[in-house]
Amino acid sequence: MAGQQLKWFYAALGVIVVVGIAALVLARRGGGSAAVEVAPAPVAVGTFEGHVLGSDSAPVTIVEYADFECGACAQFAILTGPDVKQRLVAAGRVRWVFRDFPLDGHRNALSAHLAAACAGEQGRFWEMHDQIFFNHRRWVSERRPERPLRDIARGLNLDLSQYDGCIDSRRLLGQIEATKRDGLARGVQATPTFEVGTLRVSGALSYDSLQALVTRAEARAAK
Amino acid sequence: MVAAVLALVGLFLSLYLWLWKIGALGVLACGDGACETVQLSEYGELFGVPVAFYGVVGYAAMLAVSLWGLHGTAARRRWPTLGLAALAAGGVAFSGYLTYLEAAVIHAWCRWCIVSAVLVVAIFGTALVGWRRRAWEQPPAATR
């Protein structure tokens, strides 16, 4: 192999190494797609706003569009969710709104959203939400996810006869589908998508990335 | 040389996917969330190890073999290229299996996984071409 040729070859490899390392560092710092401005999302009177966590008087509202079957949503709920609840919601900085956005390609998503909504009828949406995500592997690849989802409901000591009645009647399906339609109309395309005030961002954000957006939204709210 | 460049790109790609999988990166730049679906599915791990880590090891091995084949006596031998082809063939088979899972089981297409599959097929093709070329350049053993 000619020495000069090898020199150029190693120079090219060096460039790839530098670019690769820089890309990894940037990916570590970035934490999500770039936030874009969206119009405020007032909810029409009489329509379902979503499942709410936190104080109505919190200065910033975060609307999350999520799909229970989506891996990134599970990642966010498992890795970032506990910090969000403790350091943003419980601290009174954020009012969190979960909006159903079951994706078409996810065949078990609707069952999971229905299970969570039915738990919500008993005032236990958020516990069911957490358990559905924490137990993702138990139901996500099942041909009939209703059984493992019911096991989760049983584990939470829900009133199972009421839960079964809600699931069988499918009465909350319309609410889930309407919420998704509203998300589509607002231009939501991926899950999870977050609207932090009027800033929209997608992806399984790290806590630091989300917290930075909340700080921006708080500064705007204070003006 | 081409194989080494492709292996290095594949190494960074699989490093990216592996670092994301172990929570060292915030968000996977994938667009529609399909990469996360694939990565977080039950097929995202094999024997308790993230699939992307097998990619890190595989591409590192292919990079090492392809660099080694450029130097000294190895540059004149066929078997480093044959070794690279064997490694790449394993990668092609593994990528084929993962692509099948994406299409038929997970029903989501991870674009980075597809790029990786294309890279490993290209490395395999390059190794085969290199092997044939060295066979052409190298005189038969009996005449040496």
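Two residues count as in contact here if their C-beta atoms, placed from the backbone, lie within 7 Å. With that in hand, take helix H4 of chain A in this predicted model: the cover over its buried residues includes H2, strand E4 (94–100), helix H3 (109–121), helix H5 (136–139) and helix H6 (146–155) of chain A. Below is a quick tour of H4(A), then another helix pair, then some strand pairing.

**Helix H4 and its packing on H6**

- H4(A) spans residues 125–134, and its buried residues are A:Met128, A:His129, A:Gln131, A:Ile132 and A:Phe133.
- One of the elements covering those buried residues is H6(A), and the axes of H4(A) and H6(A) come within 10 Å, crossing at roughly 130°.
- Angles over 145 degrees would count as roughly antiparallel and 65 to 115 as roughly perpendicular, so this pair is classed as oblique.
- The handedness of the H4(A)–H6(A) crossing is right-handed.
- On the H4(A) side, the contact uses A:Met128, A:Gln131 and A:Ile132, while H6(A) brings A:Ile152, A:Ala153 and A:Gly155.
- Sorted by class, that contact comes out as four nonpolar residues, two polar and no charged.
- As background, an α-helix has 3.6 residues a turn, so residues three or four places apart point the same way.

**Helices H2 and H9**

- H2 (residues 71–89) and H9 (residues 207–222), both of chain A, pack at an angle of about 35° with their axes 10 Å apart.
- Their crossing is right-handed.
- H2(A) puts A:Thr80, A:Asp83, A:Val84 and A:Leu88 into the contact, and H9(A) answers with A:Tyr207, A:Leu210 and A:Val214.

- Strand E6 (residues 199–202) of chain A pairs with strand E1 (residues 36–37) of chain A in the antiparallel sense, over two bridges.
- In that pairing, A:Leu199 of E6(A) sits opposite A:Glu37.
- E6(A) is also joined to strand E5 (residues 193–196) of chain A by four bridges, again antiparallel.
- A:Leu199 features here too, as the bridge partner of A:Val196.
- E5(A) and E6(A) form a hairpin with two residues between the strands, where A:Gly197 takes a positive phi near 65°.

How values were computed: Residues numbered from 1 in each chain as written. Chains lettered and ligands numbered in written order. Predicted model: local features only at pLDDT ≥ 70, side-chain atom pairs only at ≥ 80, totals over all residues. Axes fitted to C-alpha atoms, helices over the stretch in contact; angles between N-to-C directions. Left-handed = near helix turned anticlockwise from the far one by under 90°. Buried ≥ 20, exposed ≤ 12 C-beta atoms within 10 Å, placed from the backbone. Pairing = 2+ DSSP bridges. Parallel < 35°, antiparallel > 145°, perpendicular 65-115°, else oblique. Nonpolar A, V, L, I, M, F, W, Y, C, P; charged D, E, K, R; others polar.
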